[in-house]
Amino acid sequence: MSKKTFDLKKHEIDVETIFRNPAPGKFYEDAIKYDPGSVITDNGALVVRSGKRTGRSPADKRVVKTKDMNEDIWWGDINIPLDEHTYKINHRRAVDYLNTRERLYVIDGFAGWDPKYRLKVRIIAERPYHGLFMQNMLIRPTKEELAEFGEPDFVVYNAGKFPANTFTEGMTSDASVDVNFETNSMVILGTEYAGEMKKGIFTVMHYLMPKRDVLSMHCSANEGDDEDVALFFGLSGTGKTTLSADHRRKLIGDDEHCWSEDGVFNIEGGCYAKTINLTEEQEPEIFSAIKYGTVLENVVYDPDTRKVDYTDTSITQNTRASYPIEYISNAKIPCEAGHPENIIFLTYDAFGVLPPVSKLTPEQAMYHFISGYTAKVAGTEVGVTEPQATFSACFGAAFLVWPPARYAEMLAEKMKKHGAKAWLVNTGLTGGAYGTGKRIDLKSTRAIIDAIHSGKLDGVETVQDDVFGVQIPKACPNVSSEILIPKNTWDDPSAYDAQAKKLGSLFNKNFEKYKADSSVEIIKAGPNV
């Protein structure tokens, strides 16, 4: 679409050739022409490169602090303040750069499937790859909705090929991702990683939705035949995507959701799945979604056959696929559902301490939600076998805007009002810590999730964990009772006790920074060491 029928002068952009919401084929054509390294795979997906940055740059993310900005914002390492003058410099730098381009791509779409809460988003980008990526990730308007789109609620200026001026006050590198809630705009400089746009919009929703009493969440969601809804929270490597992608249940979304008075709705119109070691056998839904219209980011392929090698991480381990959610065969369209019956916190516990499944009280749910725990192995060097605890508030600290307690309180209120149950599911180790323990098998974890969905764990006899105080079911259909009580799987019970106290102490140490904003009941719900 040319300037004659659509222009961006209202955004200070004056470029002769502008393409607004074109068909995927247009992005393909221009990527092959103008984006070095772009190719089409044997199954029709578009391979692209994101440049020197192959992941987000959280240390370069800024939130503009204006005189009207609410002081309740969670300022610090996550929301690093930026003054208005510096934002204007970066904004001008981005606009001036975009005005030197021969062609630009504009994507108009929605964030949020519920029309009552959806945000009208406009992306202005130079690279075809960025345009197709966000056309996949935003909710695509119909022809009629696009004609009546009007002015956007939020605009993203993606000038990622052009660096930030490192001499500008507050810049820590040549990359800068700046969100301004006063002007409802976002500027990207110095990074071509497409995930910055996706997570930038998520950050915006994390700020705006709680102001409307809607809880924004970093989680996946699915729905059963009886319209029972489950939410899955979990950090990287815990199984969030794998366990929510169930062919027997409808996928509402894989990453970003909101919980309103009417129920749950997906924020996005697409999925952004990791593809490292992807196989058709292990993740058939994702594997089948990689086809024409899908963006494959930083993957390695055979130049002759154009087949992708998902095991090759020579560019990055963070290889990704972006595709419309309807590419998932069992996706629920529109991506909305009722109130959740089950809230599932997933963790990979490399300490071998937490049970495969346990039931949480409302206070424990808030504690574990604020904690956002998982664990990873310290490294691969000889002799390094100690696991490392990792905590990310609300299982997505990098995208929070309000203090974590605000989201936790909203979660507790909604769980209480709608009778949702909370579960802690360990997909990590059993029978010992890293080095001696083994991972809980996926078949058992899936059986546990099935039992949660079906309600078969609701009335099962439980035993209370000595350190964490959670209720552990003594039986679960299709799961060996021997693994349900973690202490019983260790050869040395005293070694288990020591490890449990160690992990409990790490929880308590991490929670110190949240005590001031938490109630006595939440604090008491933590480990007893």
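Modeller: Strands here are DSSP runs of E with at least two residues, helices are runs of H or I with at least four, and both are numbered from the N terminus. This is a predicted model: local features need pLDDT of at least 70, side-chain atom pairs count only at pLDDT 80 or more, and totals for chains, interfaces and linings use all residues. Residues are numbered from 1 along each chain as its sequence is written, and side-chain values use heavy atoms, with hydrogens and water left out.

Colleague: How many bridges join β18 to β21?

Modeller: Two strands pair if DSSP finds at least two bridges between them. Strand β18 (residues 295-297) and strand β21 (residues 320-324) have three, and they run antiparallel. β17 is also antiparallel to β21, with five bridges. There, Cys271 has Tyr323 in β21 as its bridge partner.

Colleague: In what order do the five strands of the open sheet lie?

Modeller: The order is β2-β3-β18-β21-β17, with mixed pairing. β2 (39-40) and β17 (270-274) are the edge strands, each pairing on one side only.

Colleague: Which way do the side chains of β21 point?

Modeller: In a regular strand the side chains alternate between the two faces of the sheet. In β21, Arg320, Ser322 and Pro324 point one way, and Ala321 and Tyr323 the other. Buried means under 20% relative accessible area, exposed over 50%, partly exposed in between (1.4 Å probe, protein chains only). Five of the five residues of β21 are buried, so the strand is largely enclosed by the rest of the structure.

Colleague: Now helices. At what angle do α3 and α5 pack?

Modeller: Axes are lines fitted to C-alpha atoms, for helices over the stretch in contact; angles run from 0 to 180 degrees between N-to-C directions. Helix α3 (residues 128-137) and helix α5 (residues 195-208) pack at about 35 degrees, their axes 9 Å apart.

Colleague: Which residues meet there?

Modeller: Contact means heavy atoms within 4.5 Å. His130, Phe133, Met134 and Met137 in α3 meet Gly195, Met197, Lys198 and Ile201 in α5.

Colleague: What is the mean pLDDT?

Modeller: pLDDT is the predictor's confidence in each residue, from 0 to 100. The mean is 94, and 97% of residues reach 70 or more. Over residues 378-384 pLDDT stays under 50.
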